[in-house]
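Reader: I would like to learn how to read a structure of this kind, one feature at a time. Could we go through it together, with the general idea coming before the particular case?

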Amino acid sequence: MKLQQLRYLVEVAKQGLNVSEAAEKLHTSQPGISKQIRLLEDELGVQIFIRNGKRVVDVTAPGKEILRISERMLMQAQNLKRIGEDFVNVEGGSLTIATTHTQARYALPATIHNFMLRYPKVRLSIKQGSPTQISEMVVEGAADIAIATEGIDHYSELAMLDCYNWNRSIVVPVGHPLTQLDRPITLEDVAAWPLITYDFAFAGRNKINQAFESRGLTPNVVLTAIDSDVIKTYVALELGIGILATMAFEADRDQQLVAIDASHLFNESTTRIGIRKDAYLRGYAYDFIELFAPHLSRKVVQAALMCDSEE
């Protein structure tokens, strides 16, 4: 049995059982992959994939268990390499953070700046996507750490650590009638205007919907976006009023807009870090996490990973 055979096996499953796409992804030939998987099946004495002619159409019951173990073995092989790198290449290495636009644009810059000053030889990569996409990046080993508000808790493979709580503001153009209220803004006030806010998969959108539903209100959402800056752009064009994370409003830059506190209207959201339970993190990864969330020391993170892995 070879690790390369396991890589072929896992990649075919990842590519929706398309051997051609797996071969392209791994820069090898389709016949080569098919041959190695059949050799593995012969060695194990069980069929992993169900075939219709030359096409792979499904995974057998034992195949599903073999895939699960193969993914774990590949991750452990990667962990072995990282352990070696920790001792051989103390200062250098790489760290990939998968996160959403709002976190990358507004929450992470100070952490990234301080991390790069501390570890100038570490190659830091930031990948952006939806909460689902970034969680899957970590599950699949394409990223080391996921940082998001939604989605991480849907993946049993990930240990989840709370970082900080945040809430929202209503953003309107300068001179908008809502800036003239002599009382705290209400959901009824907000619902009376066309709304521009986050796409459903992002930034606690569920909590926004729940707040309106609890009051029997149906907001008129005319535009959704995955990017806080896009929301502010269209609010400035007076296409509607915006609901966005308070951290995404910068008074010195957003001078065409006014932010109205809405923390009393919506439940708080929590930004979390997600890490594969079976991952080995190099020392600088723990430092990155602590720079971002000071209460998440190496000891706390390791304890969470150990606890989750035992469940």
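Predicted model: local features only at pLDDT ≥ 70, side-chain atom pairs only at ≥ 80, totals over all residues.

Reader: Which residues of H7 are buried, and what covers them?

Author: The general idea is that an α-helix has 3.6 residues a turn, so residues three or four places apart point the same way. In helix H7, which spans residues 131-139, the buried residues are Pro131, Ile134, Ser135, Met137, Val138 and Val139. Their cover includes the strands S3 (93-99), S4 (122-128), S5 (145-148), S6 (158-166) and S12 (269-276). H7 lies across these strands, S3, S4, S5, S6 and S12, and runs at about 165° to S5.

Reader: How should I read the sheet, and what is the order of its strands?

Author: Strands of a sheet pair through backbone hydrogen bonds, either parallel or antiparallel. Here the open sheet has 5 strands in the order S4-S3-S5-S12-S6, and the pairing is mixed. S4 and S6 are the edge strands, each of which pairs on one side only, and the twist from one strand to the next averages 20°. Helix H11 also packs on this sheet, where it touches S3, S4, S5, S6 and S12, and its direction makes about 40° with that of S3.

Reader: How many bridges join S5 to S12, and how many join S3 to S5?

Author: S3 and S5 run parallel and are joined by 3 bridges, with Thr99 having Ile147 of S5 as its bridge partner. S5 and S12 run antiparallel and are likewise joined by 3 bridges; Ile147 stands opposite Ile273 in S12, while the bridge partner of Ala146 in S12 is Gly274.

Reader: Are the two faces of S5 covered or open, and which residues lie on each side?

Author: In a regular strand the side chains alternate between the two faces of the sheet. In S5 both faces are covered, with Ile145 and Ile147 buried on one side and Ala146 and Ala148 buried on the other.

Reader: What describes the packing of two helices, and at what angle do H1 and H3 pack?

Author: Two packed helices are described by the angle between their axes and the distance between the axes. Helix H1 (residues 3-14) and helix H3 (residues 30-44) pack at an angle of about 110°, with their axes 9 Å apart, and the two are therefore roughly perpendicular to each other. The crossing in which H1 passes H3 is left-handed. From H1, Gln5, Leu6, Tyr8, Leu9 and Val12 meet Gly32, Ile33, Gln36, Ile37, Leu39 and Leu40 in H3, and the residues of this contact divide into 8 nonpolar, 3 polar and no charged.

Reader: Where does H6 meet H11, and which residues take part?

Author: The axes of H6 (residues 109-118) and H11 (residues 283-292) come within 9 Å and cross at roughly 145°, in a right-handed crossing. Thr111, Ile112, Asn114, Phe115 and Arg118 of H6 meet Tyr284, Asp287, Phe288, Leu291 and Phe292 of H11; the residues of the contact divide into 6 nonpolar, 2 polar and 2 charged.

Reader: Why is H11 described as largely enclosed?

Author: H11 is largely enclosed by the rest of the structure because 7 of its 10 residues are buried, namely Gly283, Tyr284, Ala285, Tyr286, Phe288, Ile289 and Phe292.

Technical notes. Residues numbered from 1 in each chain as written. Heavy atoms only, no water. Buried < 20%, exposed > 50% of the residue type's maximum accessible area, 1.4 Å probe, protein only. Helix = DSSP H or I, 4+ residues; strand = E, 2+ residues; numbered from the N terminus. Contact = heavy atoms within 4.5 Å. Axes fitted to C-alpha atoms, helices over the stretch in contact; angles between N-to-C directions. Parallel < 35°, antiparallel > 145°, perpendicular 65-115°, else oblique. Left-handed = near helix turned anticlockwise from the far one by under 90°. Nonpolar A, V, L, I, M, F, W, Y, C, P; charged D, E, K, R; others polar. Pairing = 2+ DSSP bridges.
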